[in-house]
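Open the model in your viewer and keep the selection panel at hand. The tour makes two stops.

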Amino acid sequence: MKVLMIGDVYARAGREIFESKINSIVKSNEIDVVIVNGENTTHGKGLSKEHYDFYKNLNVDVITSGNHIFKHRETVNFIDETPDLLKPVNMDSYTPGSGFYIFEKNDKKICVINFMGRTYMDNCNNPYEVMDDFLDLELDYDILLVDFHAEATAEKIAFAWNYDGIITGFVGTHTHVPTADERILPKGTAFITDLGMTGPINSVIGASPKSVIKKEKTGLPTRFEPANGPSVLNGVIIEINDNNKATLIKRIQEFN
Ligand SMILES: [Fe+2]
Ligand SMILES: [Fe+2]
């Protein structure tokens, strides 16, 4: 089983490189499952129904998200009908949608669960408490994949260590900057601190440098405009053996 996990797809530039590369990546690497973080898909923040359909038309199995998931009001209205679009599971439970999804591929039951961090992020519930409650449910799955959407590297690393051997594959997202620390932890969890983004290179984590610099210099309310131009696609491929153990995690990076 080979799982492809792609980091935050950012606005039009991100969608374009994703659309142009995904089929060849899947084909040449014999990928079985595709998971994409889509929280920045629609103009840099959030995910419209049109862009949810965009991913499903490209055979994406599960779309994870993060702090921007409810940026567009329409997402609140459709997320209950799209169980393969995840909100962070430790978000306020009064919000609609689910934070995990179980599906079948190649006779394996795969569970994907999405968390959000608490350091320099919006308020959310303790991810350890929520994970322990989730594990207590003893749901029926063979493979457990985690997207931990968080700013702080150590927060993601500590969480992965705490569930080493329980999680099959752990990827961090949100910073939009890929880390080079992919490895298999001692008890078998495939791990990377951050996938990085899929979006415009000449940008500040996706937005045009001009708009971000204005905000940094003046502190005035500023609308961040998505950048355009050449883009990068960042992700990992995780290989999982018949005993549901991760055997390899490999970074991929493509440019257009
Ligand atoms: Fe993001
Ligand atoms: Fe984010």
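Contact here means heavy atoms within 4.5 Å. Keep in mind that this is a predicted model.

**Stop one: helix H4**

Select residues 127-136, which form helix H4. Show the side chains of Pro127, Val130, Met131 and Phe134: these are the buried residues of the helix. They cover an arc of only 100 degrees around the axis, so they sit on the same side of H4. Turn to the other side of H4, where Glu129, Asp133 and Asp136 are exposed.

Now look at the ends. Asparagine 126 caps the N-terminal end of H4. Its side-chain oxygen lies 2.8 Å from the backbone nitrogen of tyrosine 128. Past the helix, pick glutamate 138, which follows H4 and has a positive phi, near 50 degrees.

**Stop two: serine 231**

Move to strand S11, residues 231-240, and select serine 231. Is serine 231 buried or exposed? Its relative accessibility is 1%, and buried means under 20%, so serine 231 counts as buried.

Next, display the surroundings. Leaving out residues up to four places away in sequence, serine 231 touches Ala13, Ile17, Gly199, Pro200, Ile201, Glu254, Phe255 and Asn256. Finally, show the backbone of glycine 229: its oxygen lies 3.2 Å from a polar atom of the serine 231 side chain.

Methods. Residues numbered from 1 in each chain as written. Chains lettered and ligands numbered in written order. Predicted model: local features only at pLDDT ≥ 70, side-chain atom pairs only at ≥ 80, totals over all residues. Heavy atoms only, no water. Helix = DSSP H or I, 4+ residues; strand = E, 2+ residues; numbered from the N terminus. Buried < 20%, exposed > 50% of the residue type's maximum accessible area, 1.4 Å probe, protein only. Polar contact = N/O pair within 3.5 Å; in protein donor to acceptor, adjacent residues only side chain to side chain. Arc of directions from axis to C-beta.
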